[in-house]
Amino acid sequence: MKNRNLLRELDLYIRQHYRPDDRQIGDFAGGMGPLCATGWSAAGGMRALDFFLKKLELSFSEKLIKLMEQKGRRPAEVYIRAGVTKSHFSKIKTDRDYHPTKETAFAFAVALYLNLDETEDLLKRAGYSISHSSESDLIVEFCITREVYDIDKINSLLDQRGYKPLTNWRKSRDE
């Protein structure tokens, strides 16, 4: 009985929290298989049908790829600007569930010239948000709102205040 109540609560939670986007759940979940394993079946009626008709939000990696396409950026251009290695980017691209560090998510936002709303959306997909209780977050937010999209300048500002850089960064020799 407890298990059924938990499944009902889960169903309600999913209905309340999933947001529409470009991909149907069946495209990712591989049809009915994974959900049937949790005890859901076609006999579940409207509940199961409603669930399948809902769309999932894109993950961080999926949204990153979509943003590159929308902005007309080549992958190499983006990961180089973000200060991410080719192998690291390949891992991000191929793993739908990849969870970057907050700094890496910020670096991609900067590399793609995202505005503040777009940056918040990308961070959210990685499980983060811009916090006004974090000075390092405020530094990055400041740069984005002033359209400073040079990762080295942002890393320099972070370094000057004692924070770690967004991605791999080496101080210039002339500093």
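This is a predicted model: local features need pLDDT of at least 70, side-chain atom pairs count only at pLDDT 80 or more; totals for chains, interfaces and linings use all residues.
Modeller: Local features need pLDDT of at least 70 and side-chain atom pairs count only at pLDDT 80 or more, while totals for chains, interfaces and linings use all residues. Residues are numbered from 1 along each chain as its sequence is written, and side-chain values use heavy atoms, with hydrogens and water left out.

Biologist: What makes residues 102-111 a helix, H8?

Modeller: Helices are DSSP runs of H or I with at least four residues, and strands are runs of E with at least two, numbered from the N terminus; H8 covers residues 102-111, so this run is counted as a helix.

Biologist: How do you know which residues of H8 meet H9?

Modeller: Contact means heavy atoms within 4.5 Å, and Lys 102, Ala 105, Phe 106, Phe 108 and Ala 109 in H8 meet Thr 119, Leu 122 and Leu 123 in H9.

Biologist: At what angle do the axes of H8 and H9 cross?

Modeller: The axes come within 10 Å and cross at roughly 145°, where axes are lines fitted to C-alpha atoms, for helices over the stretch in contact, and angles run from 0 to 180 degrees between N-to-C directions.

Biologist: Which helix packs with H9 with axes 8 Å apart?

Modeller: That is H5 (residues 60-70), at an angle of about 145°; Phe 60, Lys 63, Leu 64 and Leu 67 of H5 make the contact with Asp 121, Leu 122 and Arg 125 of H9.

Biologist: Why are residues of H10 such as Ile 139 called buried?

Modeller: Buried means under 20% relative accessible area, exposed over 50% and partly exposed in between, with a 1.4 Å probe and protein chains only; Ile 139 and Val 140 are among the buried residues of H10, so each falls under 20%.
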